[in-house]
Amino acid sequence: MKRHSAGHWLQVVGVGHAAIGAVIYRDVFADMVRGNLLNSVPDRGDRAAAFWFMAAAPTLWMGGRLLRSAEEHKDIPAQRAAGVVLTAVGVTGTAAMPKSGFPTLVGIGGLLLRRSLRG
C-alpha cells in the first residue's frame, strides 16, 4: 500500500478547511450573497472572520500541491522549509487556539521534518 505524501495531506486539509468553513459560516456567506458582495467585508467581525477562514483553504491546497511537486522532485531543502514553517505555524496556532485544526499542521510539519532529515 502506497503511503500518501505530506503534500497530499496538506491538500486534504485545504479541502477540509473549505468544507468546514462553508458549514460554520453558512449564515454569514448567505447574508453576503443576498447583499452587494462588492466591499462587503470589513476589517473586523463575522464577515472578516469568515472571509479569512475561507481564504486559507485554497492557500493550504496550493501549498500542498507545491509540496507534492517538491516531494516528487526530491527537493529536500524545500520540504525541510515547509516542515519548519508548518510546524511553527501549527505550534503557535495550537497555543493560541487549542480547539482548532492547528495540531494537524504540527503533524504534517513533523512528518516533513522527519522525512527531510532522513533524506
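Me: Helices (H or I, at least four residues) and strands (E, at least two) are DSSP runs, numbered from the N terminus. What pattern does the protein follow, read along the sequence?
Reply: This is a predicted model, where local features need pLDDT of at least 70 and side-chain atom pairs pLDDT 80 or more, while totals for chains, interfaces and linings use all residues. Residues are numbered from 1 along each chain as its sequence is written, and side-chain values use heavy atoms, leaving out hydrogens and water. The protein has five helices and zero strands. Its pattern along the sequence is α-α-α-α-α.

Me: How far apart are the end C-alpha atoms of helix α3?
Reply: The expected span of a helix is 1.5 Å times one less than its number of residues. Helix α3 covers residues 46-72, which is 27 residues, so it should span 39 Å. The model agrees: the end C-alpha atoms are apart by 40 Å.

Me: Which helices do the buried residues of α3 pack against?
Reply: Buried means under 20% relative accessible area, exposed over 50%, and partly exposed in between (1.4 Å probe, protein chains only). In α3 the buried residues include Ala57, Leu60, Gly64 and Leu67. An α-helix has 3.6 residues a turn, so residues three or four places apart point the same way. Judged by contact (heavy atoms within 4.5 Å), the buried residues of α3 pack against α1 (6-24), α2 (26-34), α4 (76-96) and α5 (102-118).

Me: Is Leu66 buried or exposed?
Reply: Leu66 is found in helix α3. Its relative accessibility is 55%, so Leu66 counts as exposed.

Me: What kind of pair do the rings of Phe51 and Trp52 make?
Reply: Rings of Phe, Tyr and Trp (its six-membered ring) pair if their centres lie within 6.5 Å; planes under 30 degrees apart count as stacked, over 60 as edge-to-face and the rest as tilted. The whole structure holds three aromatic pairs. For Phe51 and Trp52, the centres are 5.0 Å apart and the planes at 85 degrees, so the pair is edge-to-face.
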